[in-house]
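This report describes selected features of a two-chain model. It should be read alongside the sequence and the coordinates.

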Amino acid sequence: MDCCGGMDEHDETCTEVKVKDGVDAGTVAAAKRLESENYSAGFVTDIEMDFAPKGLTEDTVRFISAKKEEPDWLLEYRLEAYRRWLTLEEPTWARVNYPKIDYQAYYYYAAPKNSAKYKSLDEVPKEILDTYAKLGIPLREAEVLLGVEGAAETAATAREKPRVAVDAVFDSVSVATTFREELKKAGVIFMSISEAVQEYPDLVKKYLGTVVPATDNFFATLNAAVFSDGTFVYVPKGVRCPMELSTYFRMNAESTGQFERTLIIADEGAYVSYLEGCTAPMRDENQLHAAVVELVALDDAEIKYSTVQNWWPGDENGKGGIYNFVTKRGDCRGARSKISWTQVETGSAITWKYPSCVLRGDDSVGEFYSIAVTNGRQQADTGTKMIHLGKRTKSRIISKGISAGRSDNTYRGLVSVHKKAEGARNFTQCDSLLIGDKCGAHTVPYVENRRADAQLEHEATTTKLSEDQLFYVRQRGIGEEQAVALLVNGFVREVLQELPMEFAVEAQKLLEVSLEGSVG
Amino acid sequence: MSTALKDLIRNPTVAELELVARYAALKADARRERLFEAFAQTGLPGRRAENWRWSDFKTAVGQLDTPKAPPARDPLARDGVSTLRFTPAGFVAPASLPAGLRLLAKEDVQAMGGAEEAPLGALAAALSGTVLVDVSAGAAVHLHMVFQGPGAINAARVVFLLRPGAQLHVSESHLGGAAFSTALVEFTLNKGAHLHRTLYQAGGADEAQAVTALIEQDEGAESVQTVLALGARIARIESRLVHRETGSKATLNAAYLAGAGRHADITTHVRHGAPACTTRQATKGAVLAGGRGVFQGKFLVPRTSGQQTDASMQHNALLLEEGAEVFAKPELEILADDVQCAHGNTSGALDGAQLFYLRQRGIPLAQARAMLTEAFIAEALEGAGELEEVLRHEAQAWLSHVS
C-alpha cells in the first residue's frame, strides 16, 4: 500500500481508496466510470421559465391546480393531501443522513414559458429539443424510427427494431409525447397525466390514489398535494402494447422540486413495458424529487416497469445532488397478473425508494430486479416490498448493491405473507459488494410469514435458483459459486438487455460488474 | 407517588405504573435512577420501536398479578452443581461454591453500558441489586442459575467476570411463574477465557419474560451459547455481544418451539469491534397454530476495526400448522470491505416428500412430523455439550405433547 506513507492502516484524511484483492478489476473500473466527474448529463438548459411563487402554501396548491385547469374534485384531493401533510413528520427510519430540508426553499412548479402543451413538436422550443437530443432521447418520430444509430441504417432494418414512444417531462410539465396517434389506433392511451385529467377524467378518478393513497407516507402525501406532471397509460383489454412506452424526466430549473405522478393501468389480458429515465444538471444545491408511481394490473395483465435512475449525485465531497424520495407501488389486482420492476440506480445524493408489489389477485406474480451503484458520498436506501395476499402468489427479488468511494448502500425489503395467501412463494437474493474500505453495505430484510404452506427463502439454498439450470452449468465442470453467479448475472443481464438503446447506455456499463469478492 | 415519577413514562399502562411504583419504593441511588430513566425513555417497548415491532411488550404485559400456573419444571437442574436462585422475593445463594469462583451479592446498582439499547435489561438492573461472580483461571467451573416465581415481578441481574484463561459452564433456567420476569446477565471474557452458556426458557400463557445478555470478549476469548425457548405469552431472549479484541470467537445458537398462545423471540446483536473475529449463528424454530416465532439477528461490522470479520447467520423456521406465524429480520451492517458475512433465512412447512417417505414405512403422521421437526432443530442444540441430550429430550417432550 503506497498511501499514507506505506502504513498499513490509513487514516481518515487519506483520500486514496484501497480495494481489496479478489474484487474484479472490470467492476472497479465500471464503478469508477460512474463517479460524478464523469456525469455527462449535468448541463443546464438556458430557457425562460414560469415559476410558482417560491415555497409551499395552500395557494401554491391552488396555483398548480389552476395552471392545469383541473376539475374541482382534483383540487379538493390536493388540498386534503396538503392539509394532511402539514400534520405529518418526515420519516427517519431509513439509513440516510441529510440536513433538514426546508420545504419553503423550493419552487413547486416550473415550466418553460408558453408551454401550455405544445400542439406539435415544431412548437417545442429548440433549447428543449436540443436538451433531449443531447441526452440521447429522440423526440422526433422519424428519428426514433431510425434508431439511435440513425443514418447508418437503412429504413428497412430500422423498422424491424422495436420502437419507443416517449413522454418527455421537463421540470413540472410534459413537453412532448411521441407516437400518440399510432398508439391510439391500438386503443392505448399514452399522454401526460395533466391531459388525461382533461380527456379521461373518469379513468383517472377511478384509479388515482388507489394504489398509493394520498395518506400513504410523508412524501407520497406531499406529492398528492403538489404533483405537477407525469405519465398516464391505459392499455385496454387484451391489447399487447405495440411498442415500449417511456418517460424521460429532466430536472432543469434551479431550486426546483419535481413531483411527477405516473399512473399505468393494464386492463384484463393487456401487456405493457414501460421505461423511465431521469437526469438533472450539476448544481451545488440539493434538489428535491418526490414522485409517486402507481401501477394497476387486472386479470391476466402484465406490466414491466424499468428505471434507469441517473439523477445528479452531487460531487465527490457530497455537495449538491438530488434528494430522491419516491413511492412506487404496483397492485396485481387481478388473477394471474404480473408486475415486474427493474431498476438501475446510479444517481441521486439520497435515494429512498422501495418499488413494491401488492399481490392481491390469485396466482399473481411480483418481481424486483435491482442494481444500485453508489459512489462519492451517495446514500441509497432501496429495496422492495412483496405483499402476498392472494392464493399461490409468487415473488422474486434479486438485488445487487455496489458501494464505492465513501457511499452507503442499503437494501431494505419486506416479504409479507398474509393469512389467506395459500401456497405463496418467495425467493430473495441480495448481494453486496464493497469497493474500497470507506464505504458501507447494509442489508435489512423483513420476512413475515403467516402461512404454513408458504415457502420463503432468503439467499437460503442457492440451488433453489433453478436446479435444472444449475445442474446444467455444473455438469459442464463449472463450480457451484461460479454457476450461481453466471445464472444470476445472466438473468439480470437478460432483463437489462430488453431496455431500448436510449436507456441501455448507462445500464450497459453496469453489465460489466461482477460480484466476486462480495461480502454477503 | 410524586408527579415527577408519574411523568417518567408517556401515557403509561397499568403495568408501567406498577413498575414506576416498584422503582419509587427502592432506595434512591444515582445509578438506579440513570437506569430507570433509560428504561422510561421507551417504557415497555412495543410496536412503535423498530426492534420491538414484532414483540410488543407494551400490549402483552397486562395487570401484574401472580400467575395461577406454577413455574415450569427445571430440566437443567443437576445434583452437585451449585445453583443461584433468583425469585421475586430476592436472590438465594448456594450453600457452597465451586473452587475458582467468588460471589458477591450487593443491594446497590452497578452501572450498565448501552442501557438505552436494551430497555428491559436496564429495567432489570434498576429494579434489582447486583450479583457479581468472579471466575478465575483453572479447571472448568460449573454453575446453574434458576429464575422463577411465584410472584408479580421477578427482576434480576448477575454480572460475570471471567479472568484470563477462565472457563465457565453456566446453565440458566428461566421458568416463569411471575407475571413479568426480566433478567440481565452480563459476561466479560478476558483474554483466552471460555464461556459455555446453555439457556432453557419456558413460561405460561399469561406471563411475560425477557432475558437480556451482554457479552464482551477480549483477545482469543470464546463463547458458545445454546438456547432452547418454549416462549410465553411473550418471551424475548436477547443477546448483545461485542468482539472487543482480535481473534475472539462466538457461537450463538438457538431453537424455539412456540405452541398456541406462545410467543418466542430470539434477538441477537453482534458487533465486530476488532479485526479477525468469528461469529457463527444458527437459529431453528417450529411454530404451531396460534404461536409466533420471531428472529432478529444483526451483525455490525465497523469501519477499519471490523476487517477480516468472518460471520454467518442462519435462521430456518417451520410453520407446522396453519395459523402459525414466523417473522424474521436477518440484518447486516457492513462498513469494512475485507470481510465475509453471510445470512440465510427460510420459512415454510415440512417437506412433503420426507413425510411421505416416513409414512409409507408405517410411521403415523403425528410421529413422522415430530421426528422430522426434531431432526430439523437438532443442529441448533448440538453445541450444548453435556446438556444437549437434556435439551433434545425437552424438545421431544414438547413435540410428543403437541402432535
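B:Ala276 is partly exposed, as 17 other C-beta atoms lie within 10 Å; a residue would need 20 or more to be buried and 12 or fewer to be exposed. The model is a predicted one. B:Ala276 belongs to the loop that runs between β12 (263–272) and β13 (278–287) of chain B. Although B:Ala276 is not a glycine, its phi is positive, at about 55 degrees. Most residues other than glycine have a negative phi, and most peptide bonds are trans.

A:Arg392 sits in the loop between β19 (385–388) and β20 (394–403) of chain A. A:Arg392 is partly exposed, because the number of other C-beta atoms within 10 Å is 18. As for the peptide bonds, the one that joins B:Gly149 to B:Pro150 is cis, with omega about 5 degrees. B:Pro150 is part of strand β5 of chain B, which spans residues 141–162.

## Contact between the chains

The contact between the chains involves 30 residues of chain A and 32 residues of chain B. On the side of chain A that touches chain B, at least two residues come from each of β22 (425–434), β23 (440–449) and β24 (455–458) of chain A. The most is given by β23(A), which supplies ten residues. By class, this side of chain A has twelve nonpolar, nine polar and nine charged residues.

Strand pairing also links the two chains. β23(A) runs antiparallel to strand β16 of chain B (residues 325–334), and six bridges join them. One of the residues involved is A:His442, whose bridge partner in β16(B) is B:Glu333.

## Helix packing in chain B

Two packed helices are described by the angle between their axes and the distance between the axes. For helix α3 (residues 30–42) and helix α5 (residues 119–126) of chain B, the angle is about 145 degrees and the axes are 8 Å apart. The crossing of α3(B) with α5(B) is left-handed.

On the α3(B) side, the residues that meet α5(B) are B:Arg32, B:Leu35, B:Phe36, B:Ala38, B:Phe39 and B:Thr42. Their counterparts in α5(B) are B:Pro119, B:Ala122, B:Leu123, B:Ala125 and B:Ala126. The contact of α3(B) with α5(B) comprises nine nonpolar residues, one polar residue and one charged residue.

## Composition of chain A

Chain A contains 13 helices and 24 strands. Of the 520 residues in chain A, 54% are buried. Among contacts in chain A between residues at least 6 apart in sequence, those joining residues at least 24 apart account for 83%.

## Confidence in chain A

The mean pLDDT of chain A is 78, with 74% of the residues at 70 or more.

In two stretches of chain A pLDDT stays under 50. For residues 1–12 of chain A, where pLDDT stays under 50, the model has ten contacts beyond four places in sequence. Where pLDDT is low, the predicted coordinates should not be read in detail.

Conventions:
Residues numbered from 1 in each chain as written. Chains lettered and ligands numbered in written order. Predicted model: local features only at pLDDT ≥ 70, side-chain atom pairs only at ≥ 80, totals over all residues. Helix = DSSP H or I, 4+ residues; strand = E, 2+ residues; numbered from the N terminus. Contact = placed C-beta atoms within 7 Å. Nonpolar A, V, L, I, M, F, W, Y, C, P; charged D, E, K, R; others polar. Pairing = 2+ DSSP bridges. Axes fitted to C-alpha atoms, helices over the stretch in contact; angles between N-to-C directions. Left-handed = near helix turned anticlockwise from the far one by under 90°. pLDDT = per-residue confidence, 0-100.
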